[in-house]
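Hi everyone, thanks for coming.

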Amino acid sequence: MESKNTKLILDILTRAGITSCKPVDTLVSPSKFILLPDHSFSDPTRFCQIMGALQYLTFTRPDICFVVNGVCQFMHASTDFHWAAVKHILRYLKGTTSYGFHMTRGSSFALHGFTNADWAGILSFLVRR
């Protein structure tokens, strides 16, 4: 059975017209989203619709939050370069459709996370050596 995330990703890919795209393994760096002189994107409504769908997807796909937010900063003046960044995000999603938070009826809402809260201690340890 197909999850809601997978269905939404496939729907976004269909709306963007890139269902047969080649998947990529990594996201584009948001530091690349700079204002370069480029042609305005020809269909700003389409750009906003795809970005809105990606923003909705970030609820269950925290791995794309930062990069989607980075592209959203340019929704008021999107260019062909920004559309290329959106297509890169979509290509990443095509290769990672099974990723994300999977919540089902009756499942526990306990979220377990792990972190290295003492990362500064590691630095001081390395400096002392």
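Two bits of housekeeping. This is a predicted model, where local features need pLDDT of at least 70, side-chain atom pairs count only at pLDDT 80 or more, and totals for chains, interfaces and linings use all residues. Residues are numbered from 1 along each chain as its sequence is written, and side-chain values use heavy atoms, with hydrogens and water left out.

Okay, the core. By nonpolar core I mean a set of buried Ala, Val, Leu, Ile, Met, Phe, Trp, Tyr and Cys residues joined through side-chain atoms within 4.5 Å. Buried is under 20% relative accessible area, exposed is over 50%, and partly exposed is in between, using a 1.4 Å probe and protein chains only. The largest nonpolar core here has 27 residues, and Leu54, Val86, Leu90 and Leu93 touch the most other members. Where do its residues come from? At least two are supplied by each of helix H1 (4-16), helix H2 (44-57), helix H3 (65-72) and helix H4 (80-95). The largest share, seven residues, is from H4. Helices, by the way, are DSSP runs of H or I with at least four residues, numbered from the N terminus. As general background, nonpolar side chains tend to be buried together in soluble globular proteins.

Let's stay with H4. Its buried residues are His82, Trp83, Ala85, Val86, Ile89, Leu90, Tyr92 and Leu93, and the buried residues of H4 pack against H1, H2 and H3. Contact here means heavy atoms within 4.5 Å. Take Leu93: leaving out residues up to four places away in sequence, it touches Ile9, Leu54, Leu57, Arg61 and Ile64.

One joins arginine 15 and aspartate 11, at 3.4 Å from N to O. Both sit in helix H1, four residues apart, about one turn of the helix. Arginine 15 is partly exposed at 40%, and aspartate 11 is partly exposed at 37%. The other bridge pairs aspartate 63 with arginine 61, with the closest N and O atoms 2.9 Å apart. Here aspartate 63 is partly exposed at 33%, whereas arginine 61 is buried at 0%.

On to the rings. Rings of Phe, Tyr and Trp (its six-membered ring) pair if their centres lie within 6.5 Å; planes under 30 degrees apart are stacked, over 60 edge-to-face, and the rest tilted. The whole structure has four aromatic pairs. In one, tyrosine 56 and phenylalanine 59 have ring centres 5.9 Å apart and planes at 85 degrees, so it's edge-to-face. Both of these residues, tyrosine 56 and phenylalanine 59, are exposed. Elsewhere, ring pairs link Phe41, Phe47 and Trp83 into a cluster.

Last, cysteines. A disulfide would be two cysteine sulfur atoms within 2.5 Å, and the count is zero. For cysteine 48, the nearest cysteine sulfur belongs to cysteine 72, 8.8 Å away, which is too far for a bond. Cysteine 48 is partly exposed at 33%, while cysteine 72 is buried at 13%.

Note on methods. A salt bridge is a side-chain nitrogen of Lys or Arg within 4 Å of a carboxyl oxygen of Asp or Glu.
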